[in-house]
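Hi,

Here is the structure I promised to pass on. My notes on it follow below; have a look when you get a moment.

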Amino acid sequence: MHLLSRAEEIILMAIVNLKDNAYGIAIRSFVTKATGIKWSIGAVYAPLHRLDEKGYVKTIKGEPIKERGGRSKIYYQVTPEGKEALLRLKNVNENLWDKKTALELEKA
Amino acid sequence: MKNSTERLKVPRIACWILQKTVSRKIRDRALGDFDEIFWGQAEENGLFRAKLWYWGQVLRSLPPFLYDSVYWRTSMLKNYFKITLRNIQKNKLHYFINMIGLSVGLAVFLFIASYVLNEINHDGQHAKKDRIYQIGTGDHNGTPGPMAQLFKDQFPEILRSVRFRYNYGAGNFRYKGKNYKIERSYFVDPSVFEVFFFQVLQGNLDTALDAPFSVVLTKSEAEKIFGTTDPIEKILSVEGQDLKVTAVIEDVPENSAIQFHSLISFKTLERISPNIANNWGSFLFQTYFLFPETHDADEIESRLAQFITSKYAGYDTWPQSRKDQLAFILRPFRSLYFDTDRGGSMLHGNIQNVYIFTAVALFVLIIAIINFINLSMATASIRGREVGMRKVLGSSRGQLLRQFLAESVFLILGASFVAFVLVALTKENFFSLIGKQIDFGYMLSPFVFLVFLAAAVCMGLISGLYPALYLSSFQPADVLQGKARRGSRGSLFRRTLIIVQFTISIVLITGAFIVGSQLDFIRKRDLGFDKNRILWFEVSDSLRKKTDVLKTRLKEHPWIENVTTTNFTKPGVRSMWGRMWRDRQMDIDVFLVDPDYIDTLGLEIVEGRNFLSEGDRSRACILNESAAREFGMESPVGEMLNRQTVVGIVKDFHFRSLHHDIGPLLLVYQQDANPIVNVRISAENIRETIASIRRTLDEIAPGAPFEYHFFDESFEALYQREQKFEKLFFFFSAFAIFIACLGLFGLASFMTGQRTKEIGIRKVMGASAGNVILLLSREFTKWVVLSNIVAWPVAYFVMNRWLENFAYRTRIGAWVFVVSGLVTLIIALLTVSSKAIKAALSNPADSLRYE
């Protein structure tokens, strides 16, 4: 079973946190704020596309909007498979990060 | 409208770049985001800042977008690749046949392409080849020795001049008591290395040919004589002269118009025979001029002509034949390689072969592609379900097209790899087939490799297109239900393909038969003399004065029937003189012969008499019938030709190859100094006879080289090209039929697969196995017969043209066509019958249960 890549994990977490407002621009500003790194639009969409193909997210089409050149907003939602993948990753992270390792790293 | 103005304000080029790079699935979403943020920026910071942002963002986003779109595209490719591999595993035989056809086809194509490229890039090493011209007259490339210097002084455009003089009869080099024969050695001016380019290995080419008695050897000759020791400064003796080796150069490439194995300094010739080097009357030198970068050869040529007319007082009163001798023209060096032979020249390229090979290469490629198409189509019954399944699962027709195209590209790339391996393994056989070594070095250059790769991909696309269109057109509902698909007899297109394949094969087979029968005709033709059991060899200058002794000694031998000396080396080499009878001037082949010539060869005197050993001397000559006829002599015996008296007429005989008519021939009496000895030996004890000739020679002139040839073999050698041709034709026709049969086999399996149910029903209704086989074979027989009808006129026309190369030719008999037609038909039926028999013997219960 493949694990999520870091970028996929971050994006997926952003979608979970944004709940009903998870569309491109919102996701991008969320991850930018969360990571402190400026994400280009491409850097957001490449992992999103992969998540989509893998079936970890699904999309809901909104109404067409003038500012988007008449295009619709596409809202993302995490699917059960996506949730499962996230939880699996969380498990892995916990296995790796027990309190002792974190403390040792901080000390060093 | 606000909306449209907004759209216009988005930087158009940046937007276009995005549209081209972003994967389709996320394109709208991403572009929407771009627009939305752009609009927000524009309201906040103004349009200019917004545009800057847009551009910056596009550039930053490009790498991930590009990665994304490449990733998804190749992920589909990966799937196609996987499916292809699975299909190959499932249908090993089918793909095996397909790959064999393709890779053998490509290998043959590669060979021929390399040969053709090699021929077209002739003389590639000579950087100045566009500035070099050979001077000669209309039908001759010989010029007098002093001419080069005269023209060079007169015309400033001539930067350098080089003279080549064939070192006739002196190819016998002696080193440490052993003799070595070096073919093609030339006396040449030192400027040869300034005009032409030869790779030096040892020594200094600037000074190598400056001194008299210097010689430059090619690598292989130097190795032959000196082995591993250093050849420089070593002394070789030639005809009693000592020559010093001053340099060694790389072997001259095959595809060069200038061919030699050793070069001897021109000063050597000036020392040993000054009367030849400075004689205006002997046209024995090939002369090359080097002109500046920009030059007008036509203009120089016309000034040459003016110069000649003004140089000679009374030029206008000369007879035309003498004027012709000095009517010089300039031939571009780069045209020489493919030029027609003017006697004694070094060239040996053949443009006709290049054309024929190019045509054959294209034929082979066409056959291979057709084969590939037919075999891909034959998979239809296997692939139908896959196509149906993919369509049901949402695959578009475009996607399927791409899949099948990708698959054929995969296959062709694989076949190319196999082809490269085949080429590497069989190149020696190919070289012996065409009688030429080809340098494959340039095939390894990345450029050629890329071109080949691109060509392979294009070929994959071309040959994959039709099957892809056909396969992707299946209706899922039909194929998944197993309904019969359209075109159960193979579409018109595919029938045409098979017919084209067979037509090509039949043309090639017929060609092979006709070439074979012409060669047979040549072998059986009565030449007018007995060419068998004649042995000839060349004697060195020193021995020529003693030919009388040699002849008497040889004649004493019981197994030697007759001995004669002549200057006529072997058929194919000509020496022509101008001869005048009354007011008729004619160029005529001349043999210098002694009185034994007529008897030794077995010629027939039809009028007058043979030469007399006593009394005739060099004032007597004999004509052949053609010569007497062409001069228009009524009673030739006793007539004067220039200052020689005609003493007899000899019956016409073929002294040249059968490509040519028997032309006029003049036999001139010459008792001594003939370089060639012809010996008629008896049919028994040939080996001992030869050994004793060698012994006799050694007694008269110790250490003299003895290299003998048989007259009939020398005649045979005139048809080397045709013999090679015959081999090639058989090879390619066998190949073409093989491939065509592969295609036929594929089609037969496809068609029997399509008609499984029909055959089942027929058998249930009482058809016998024989009936079914007949039913299935009838179709194919029709096609092969049709191919024959198309091929016969083509073959007849083409081969008739080829036969026109010969003055004496066989008739194209009807049997040739019948036989080649039958051969192809039988082979085709054998191929089909294996499938047909299998289908006919199958249990109808199995085939009908199909549903």
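Let me start with Leu744(B): leaving aside residues up to four places away in sequence, this leucine touches Ile498(B), Phe780(B), Ala828(B), Thr831(B) and Val832(B), where contact means C-beta atoms, placed from the backbone, within 7 Å.

Please bear in mind that this is a predicted model, with local features needing pLDDT of at least 70 and side-chain atom pairs pLDDT 80 or more, while totals for chains, interfaces and linings use all residues. Residues are numbered from 1 along each chain as its sequence is written, and chains are lettered from A and ligands numbered from 1 in the order in which they are written.

Leu744(B) also belongs to the largest nonpolar core, which has 90 residues; together with Ile367(B) and Ala736(B), Leu744(B) touches the most other members. Such a core is a set of buried Ala, Val, Leu, Ile, Met, Phe, Trp, Tyr and Cys residues joined through C-beta atoms within 7 Å, and buried means 20 or more other C-beta atoms within 10 Å (exposed is 12 or fewer, partly exposed in between). The largest share, 17 residues, comes from α26(B); helices here are DSSP runs of H or I, at least four residues, and strands are runs of E, at least two, numbered from the N terminus. Apart from this core lies another of 49 residues, including Phe198(B) and Leu243(B).

Two residues have a positive phi without being glycine: Lys19(A), at about 55°, and Glu233(B), near 75°. Lys19(A) sits in the loop between α1 and α2 of chain A, and Glu233(B) in the loop between α8 and β8 of chain B.

Best wishes

Technical notes
Two residues are in contact if their C-beta atoms, placed from the backbone, lie within 7 Å.
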